[in-house]
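Colleague: Before we go through the assignments, I would like each label set against its cut-off. Please take them one by one.

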Amino acid sequence: MQDQVNARPAPKRVPWNKGKLTGAKPPLRPKHVWSIRTKLQIEGRARDLAMFNLAIDSKLRGCDVVAIRVEDVAAGGYTADRATVRQKKTGRPVRFELSEQTRQAVDDYLKVTGKLPGEFLFTGHRGPDRSMTTRQYARLVSEWIGSVGLDPRLFGTHSLRRTKATLIYRRTGNLRAVQLLLGHTKIESTVRYLGIEVDDALAIAEQVDV
């Protein structure tokens, strides 16, 4: 009985997300993309500019962005128009396009660093033979977002992944194309990822006459 009186309740575990804003991170708007891009260019941050542009174009998850090797995008010494990367999560390859400004940014970065095929494109504090960590990448993304006056708590690495995919969907309504570009195995995943509502689907349907 005495033991029961003296027994203290177990301390409550603090939820990992206490004080954090959770939920899907929204995509960046084109004006925010241009603001970040311009800022990185002016500051001469070749690595960050190449990484930001590549993240937007590739629509890859953070774990796949940091795992990109030189030969994935520039096997012949210069950045290619298109590239293929095997996704860590699904094991399936996904293809993506590289815009002219992204190719230029990556080429400039390769010229400055002298990186060669076989090496990770983006390395961190752990040495030249190790890729940047996803945590370091997330910190960079927060820094880029904060630098243009946005709240880093509202946006994250998935914001970069969603930015171009969301724009493509809004301009074309082609869900299947976005599914392929994101490397989703199921169309339902793409619907959830883009946050498509019934009203969105009806708006697209209204534009089609049979």
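**Labels and their cut-offs**

Modeller: Y109 is buried, with a relative accessible area of 4%. The model is predicted, with local features requiring pLDDT of at least 70 and side-chain atom pairs pLDDT 80 or more, while totals for chains, interfaces and linings use all residues. Residues are numbered from 1 along each chain as its sequence is written, and side-chain values use heavy atoms, with hydrogens and water left out.

Colleague: Why is Y109 called buried?

Modeller: Buried means under 20% relative accessible area, with over 50% called exposed and the range in between partly exposed, using a 1.4 Å probe and protein chains only; Y109, at 4%, therefore counts as buried. F122 is also buried, at a relative accessibility of 0%. Of the 210 residues of the protein chain, 36% count as buried.

Colleague: What makes F52 and W144 an aromatic pair, and which geometry does the pair have?

Modeller: A search of the whole structure finds 2 aromatic pairs. Rings of Phe, Tyr and Trp (its six-membered ring) pair if their centres lie within 6.5 Å, and planes under 30 degrees apart count as stacked, over 60 as edge-to-face and the rest as tilted. For F52 and W144 the centres are 5.6 Å apart and the planes make 80°, and the pair is edge-to-face. F52 lies in helix α3 (residues 46–58) and W144 in helix α7 (residues 134–147), 92 residues apart, where helices (H or I, at least four residues) and strands (E, at least two) are DSSP runs numbered from the N terminus. Both F52 and W144 are buried.

Colleague: Why is the pair of Y109 and F122 called stacked?

Modeller: The ring centres of Y109 and F122 are 5.6 Å apart and the planes are at 25°, so the pair is stacked. Y109 lies in helix α6 and F122 in the loop between α6 and α7, so this pair ties together parts 13 residues apart in sequence.

Colleague: How do you know that the charged end of R69 sits over the ring of F120?

Modeller: The criterion asks for NZ of Lys or CZ of Arg within 6 Å of the ring centre and within 35 degrees of the ring normal. The charged end of R69 is 4.0 Å from the centre of the F120 ring, and R161 lies over the face of Y193 at 5.2 Å from the ring centre.

Colleague: What makes β1 and β2 a pair?

Modeller: Two strands pair if DSSP finds at least two bridges between them, and β1 and β2 have 5 bridges in the antiparallel sense. R82 stands opposite E97 in β2. The two strands form a hairpin with 6 residues between them, and G91 in the turn has a positive phi of about 75°.

Colleague: How do you know that the buried residues of α9 lie on the same side of the helix?

Modeller: The buried residues of α9 (residues 175–182) are V178, Q179 and L182. They cover an arc of only 105° around the axis, which puts them on the same side of α9; the arc is that of the directions from the helix axis to the C-beta atoms. These buried residues pack against β2 (93–97), α8 (157–172) and α10 (187–194), with contact meaning heavy atoms within 4.5 Å.
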